[in-house]
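The paragraphs that follow go through the structure shown here, moving from overall figures to the sheet and then to the helices. Please keep the structure in view while reading.

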Amino acid sequence: MTRNKKRKTAVRAAQLATGHRYIRAARELATAPAQADQAFLLKELLAECATMPPADVDWGDLEGYGPAVFESVLLRTAVPYGTVLELAGALAREGTGAQLRLESLDPLESATITAGERRFQLILSQELVYELCRQLHCPHQPVNRTIIRCSEHLADCDEKELAAMAGEWGFALHEELGRDAPHRLGGSPEADLLLKAAVAQGAFELVSTSLLQACFEDPELIDEIFWDEEEALDMRHALERERIRLQRIARDEAQRARKKAGSCLVCGTQLVGAGLHIPPQYCSRDCVPPPASAPAFSEEPPF
Ligand SMILES: [Zn+2]
Ligand SMILES: [Zn+2]
């Protein structure tokens, strides 16, 4: 008996024994912890998709509208063929050797899988896949293709990650609107989200510079790029306007965070404006704890 058949038989037996519908019996069986975090390859899932016969499932209210599905041993549930193909498309860059893990499962509803740092929600009642925020267990979608966390988890990124995302977002705007519409390059809500997250890390300068340099032309080169003086002036104005706007957003955000914290998390000093170069919950750089990954500082030699 194949594992798939075994599972189906087990579900049917559970269904008979308990009188539950297939969907509920399958759900109860799937919550068993067996194989929960066992890795498999995208090509193994594709092989199942290519060889498994269509499965007969009870869609309940969806009867007659459910997609064609097969019983996946790897995902431990019935999966639409189209959903697996969507996933393969989303993982085109990683290739069929991508290593996948099942993070959570709600049979006939959705499954969450991880592929390296990326996470995907597979919709099991439609031929659909959504990319999810990279924070483990987060149910939200990322802000967009280049800002790969949800708005809530952006603040958990370190300053390097934020600066990299800001650069990619700036570059995406530049590619889309480019030099023809400098006044439209600034003011994106995505920039606001990135900057607020940067303020929480005390990384305003790094992140805003990364964004502005990628989004607008290099200020040193504007006169060389634009032969037309008015066009050069438009680009300069747009760049400066966005710089000022980002600074205003950052100052407001820092003030809001300081007000919320009240006093320094470490020494208890009343918080006043200490600039944008440290996280707003601390009174000075002396009170900011070192990053968790930094090696502990020691004045003593090791022996
Ligand atoms: Zn999230
Ligand atoms: Zn302090």
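What percentage of the 303 residues of the protein count as buried? In this predicted model, the share that counts as buried is 31% of the 303 residues. The protein contains nine helices and seven strands, and among its contacts between residues at least 6 apart in sequence, 51% join residues at least 24 apart.

Five strands make up an open sheet in the order E1-E4-E5-E6-E7, and their pairing is antiparallel. At its edges lie strand E1 (39-41) and E7, each of which pairs on one side only, and neighbouring strands of this sheet are turned against each other by 35° on average, direction ignored. Within the sheet, strand E5 (residues 110-115) and E6 run antiparallel and are joined by six bridges, with Ser110 having Ile123 in E6 as its bridge partner. Strand E6 (residues 118-123) is in turn joined to strand E7 (residues 128-132) by five bridges, again in an antiparallel arrangement; here Gln121 has Tyr130 of E7 as its bridge partner, and the two strands form a hairpin with four residues between them.

Helices are placed against this sheet as well. Helix H3 (residues 42-51) lies across E1 and strand E4 (99-106), and runs at about 65° to E1. Helix H4 (residues 81-90) packs on the sheet, where it touches E6 and E7, and its direction makes about 40° with that of E7.

Turning to the helices, we may start with helix H5 (residues 159-177), whose 19 residues reach 27 Å from the first C-alpha to the last, close to the 27 Å expected at 1.5 Å a residue. The buried residues of H5 are Leu162, Ala163, Met165, Ala166, Trp169, Gly170 and Leu173. Seen down the axis of H5, these buried residues fall within an arc of 165°, and therefore they line one face of the helix. The cover over the buried residues of H5 includes H6 and helix H7 (204-215), while Gly178, which follows H5, has a positive phi near 55°.

The largest nonpolar core has 33 residues, and those with the most contacts inside it are Leu162, Leu194, Leu195, Ala198 and Val207. At least two residues of this core are supplied by each of H5, H6, H7 and helix H9 (229-261), and H6 gives the most, with seven residues. A second, separate core has 24 residues, among them Leu74, Leu105, Phe120 and Leu122.

Leaving aside residues up to four places away in sequence, Val207 touches Glu159, Leu162, Ala163, Ala166, Leu194, Leu195 and Ala198. Leu195 lies in helix H6 (residues 189-201). Why does Leu195 count as buried? Leu195 counts as buried because there are 25 C-beta neighbours inside 10 Å, where the cut-off for a buried residue is 20 or more. With residues up to four places away in sequence again not counted, Leu195 touches Phe204, Val207, Ser208, Leu246, Ile249 and Ala250. One of these, Ser208, is 13 residues from Leu195 along the chain, and the C-alpha atoms of the two are separated by 6.8 Å.

Conventions: Residues are numbered from 1 along each chain as its sequence is written. Chains are lettered from A and ligands numbered from 1 in the order in which they are written. This is a predicted model: local features need pLDDT of at least 70, side-chain atom pairs count only at pLDDT 80 or more; totals for chains, interfaces and linings use all residues. A residue is buried if 20 or more other C-beta atoms lie within 10 Å of its own, exposed if 12 or fewer, and partly exposed in between; C-beta atoms are placed from the backbone. Two residues are in contact if their C-beta atoms, placed from the backbone, lie within 7 Å. Two strands pair if DSSP finds at least two bridges between them. The expected span of a helix is 1.5 Å times one less than its number of residues. The arc is that of the directions from the helix axis to the C-beta atoms. A nonpolar core is a set of buried Ala, Val, Leu, Ile, Met, Phe, Trp, Tyr and Cys residues joined through C-beta atoms within 7 Å. Axes are lines fitted to C-alpha atoms, for helices over the stretch in contact, and angles run from 0 to 180 degrees between N-to-C directions.
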